[in-house]
Amino acid sequence: MDVIRNRDTGGETAPMRLAAGMVEDAVVTEIRRILQTPEVVTQVLAALKRDGGGASEADAITALREFKALWSQLFPAEQARIIQLLVRRVTVTAAGLEVDIRREGIAGVVREMMVPRRMEVAE
């Protein structure tokens with residue numbers, strides 16, 4: 001966005017333009033990696049416990065593990081909405097992409113991922 005808005009990008013030699021698909025794939029890959037980290041799992045479980053809602057820890061852990069499969073089943077508009085909930089900013093530097101995650105949004109996304117699972121069990 002700095003390049004598009006003619007803002008100073010500093011002395012870095014970051015690429016001027018990148019293909020959107022390449023950046024999107026890298027961001028989704030990073031989100032998948034982050035959702036598997038013990039730190040995030042712990043934060044999600046603590047948020048779910050704090051907020052109540054009756055979600056079990058096992059369901060939350062399963063939802064985090066199955067994120068990749070669920071992602072492929074979502075419509076592009078729903079994928080975009082989830083990315084907006086999870087990603088604060090993506091920065092392209094000469095060293096690579098930096099993805100700043102909204103940690104507070106992860107528990108909400110996991111909660112939503114568990115709703116279809118509960119509906120399947122009820123049927």
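Trainee: Let's start with Thr 29. Is Thr 29 buried, exposed or partly exposed?

Mentor: Thr 29 is partly exposed, since its relative accessible area comes out at 47%. Keep in mind that this is a predicted model.

Trainee: Which helix does Thr 29 lie in?

Mentor: Helix H1.

Trainee: And what does the side chain of Thr 29 reach?

Mentor: The backbone oxygen of Asp 25, at 2.8 Å.

Trainee: What span should H1 have, and what does the model give?

Mentor: At 1.5 Å a residue, its 16 residues should span 22 Å, and the end C-alpha atoms are 22 Å apart, so that agrees.

Trainee: OK, Leu 35. What is Leu 35 in contact with, leaving aside neighbours within four places in sequence?

Mentor: Val 40, Val 41, Leu 64, Phe 67 and Ile 106. Leu 35 also turns up among the residues with the most contacts inside the largest nonpolar core.

Trainee: How many residues does that largest nonpolar core have, and which others have the most contacts in it?

Mentor: It has 25 residues, and besides Leu 35 the list is Ile 31, Leu 86, Val 87, Ile 101, Ile 106 and Val 110.

Trainee: Which elements supply at least two residues of this core?

Mentor: Helices H1, H2 (38–51), H3 (57–65), H4, H5 and H6 (103–122) each do, and so does strand S2 (96–101).

Trainee: Val 110 was on that list. Where is its place, and is Val 110 buried or exposed?

Mentor: Val 110 is in helix H6. It's buried, with a relative accessible area of 1%.

Trainee: What does Val 110 touch, not counting residues up to four places away?

Mentor: Val 44, Leu 48, Ala 60, Ala 63 and Leu 64. As for Leu 35, Val 110 is 75 residues from it in sequence and 9.7 Å from it in space, C-alpha to C-alpha.

Trainee: Ala 60, Ala 63 and Leu 64 again. How are the buried residues of H3 arranged?

Mentor: Those three are the buried residues of H3. Their arc around the axis is only 100 degrees, which puts them on the same side of H3.

Trainee: Back on H6, what about Met 114? Buried or exposed?

Mentor: Met 114 lies in helix H6 and is buried, with a relative accessible area of 1%. Met 114 and Asp 59 are 55 residues apart in sequence, and their C-alpha atoms are 6.8 Å apart in space.

Trainee: Switching topic: how many aromatic pairs does the structure hold?

Mentor: It holds 1 aromatic pair. Phe 67 and Trp 71 have ring centres 5.5 Å apart and planes at 35 degrees, so the pair is tilted.

Trainee: Where do Phe 67 and Trp 71 lie?

Mentor: Both are in helix H4 (residues 67–73), 4 residues apart, which is about one turn of the helix. In an α-helix there are 3.6 residues a turn, so residues three or four places apart point the same way. Phe 67 and Trp 71 are both buried.

Trainee: What reaches the backbone oxygen of Trp 71?

Mentor: The side chain of Gln 79 does, at 2.8 Å. Gln 79 is in helix H5, and apart from residues up to four places away in sequence, Gln 79 touches Trp 71 and Leu 74.

Trainee: Which residues of H5 are buried?

Mentor: In H5 (residues 76–86) they're Gln 79, Ile 82 and Leu 86. Looking down the axis of H5, these fall within an arc of 65 degrees, so they line one face of the helix. The face turned away from that buried side carries the exposed residues Ala 77 and Gln 84.

Trainee: Now zoom out. How many helices and strands are there, and in what order do they run?

Mentor: The protein chain has 6 helices and 2 strands, running α-α-α-α-α-β-β-α from the N terminus on.

Trainee: And what share of the chain counts as buried?

Mentor: 24% of its 123 residues. Among contacts with a separation of 6 or more, 62% come from residues 24 or more positions apart.

Definitions and conventions. Residues numbered from 1 in each chain as written. Predicted model: local features only at pLDDT ≥ 70, side-chain atom pairs only at ≥ 80, totals over all residues. Heavy atoms only, no water. Phe/Tyr/Trp six-rings, centres within 6.5 Å; stacked < 30°, edge-to-face > 60°. Buried < 20%, exposed > 50% of the residue type's maximum accessible area, 1.4 Å probe, protein only. Arc of directions from axis to C-beta. Polar contact = N/O pair within 3.5 Å; in protein donor to acceptor, adjacent residues only side chain to side chain. Contact = heavy atoms within 4.5 Å. Core = buried A, V, L, I, M, F, W, Y, C linked by side-chain atoms within 4.5 Å. Expected span 1.5 Å × (residues − 1).
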